[in-house]
Amino acid sequence: MNALSFIFRAMGLSYQEVAITLIGKKYEHVKELGRFAVGLGITSSVALALIGFTPLAEVWFGTVSGLSPELTAFAIAPTRLIPILSVLLSFERAILVKGQFTRPITAATVIEVVGIAVGFVAMSQGFGVVGVTAAAVGFILGRSGANAYLVAPCSRVLRPQISQKKADWRR
């Protein structure tokens, strides 16, 4: 499951470097990069969904990966979780790195790791969810927490740039 989802998350993981390079000194390309990030996230999610929600999932896990039917059934549910969170996290990190305000990235990483651990334990021990599914839910909870946490720091970095653009427009 991790290998399959990584194929679709890899573009999002590398997007951070692209966004840092192309965002512009005054964040003049943030809107275009944001639109592209959303498009990339949706596209990768839909592509993964085409496997996760169709008989291709059984082909991938049963034939390509060689899993038993029981393990295939357990692997399909987490595969359906959305990789868009990886793209958005990379975009947020790019904004903060470009703004030289990286401390929130560390805090977001801690939130993500704690969210994964707590989510995994809660799902597996508290709700009796099978390991790989519990891990995937933990991953989504942790990644969602990190994304949500970085919204405010990103807004703080972008606010002066947006204010300057409005002032330039009024002149």
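A: Helix 1 passes helix 5 in a right-handed crossing (near helix turned clockwise from the far one by less than a right angle). Helices are DSSP runs of H or I, at least four residues, numbered from the N terminus. This is a predicted model: local features need pLDDT of at least 70, side-chain atom pairs pLDDT 80 or more, while totals for chains, interfaces and linings use all residues. Residues are numbered from 1 along each chain, and side-chain values use heavy atoms, without hydrogens and water.

Q: Which residues of helix 1 and helix 5 make the contact?
A: Helix 1 gives R9, G12, L13, Y15, Q16, A19 and I20. Helix 5 gives S86, V87, S90, F91, R93, A94, V97 and K98. Contact means heavy atoms within 4.5 Å.

Q: Switching topic. R143: buried or exposed?
A: R143 is buried, with a relative accessible area of 9%. Buried is under 20%, exposed over 50%, partly exposed in between, with a 1.4 Å probe on protein chains only. R143 lies in helix 7 (residues 131–170).

Q: What is R143 in contact with, leaving aside neighbours within four places in sequence?
A: L85, S86, L89 and E112. R143 and S86 are 57 residues apart in sequence, yet 7.5 Å apart C-alpha to C-alpha.

Q: And how many residues has the largest nonpolar core?
A: It has 21 residues. Y15, Y27, V30, F91 and I95 have the most contacts inside it. A core is a set of buried Ala, Val, Leu, Ile, Met, Phe, Trp, Tyr and Cys residues joined through side-chain atoms within 4.5 Å.

Q: Which helix supplies the largest share?
A: Helix 5, with 6 residues.

Technical notes:
Helices (H or I, at least four residues) and strands (E, at least two) are DSSP runs, numbered from the N terminus.
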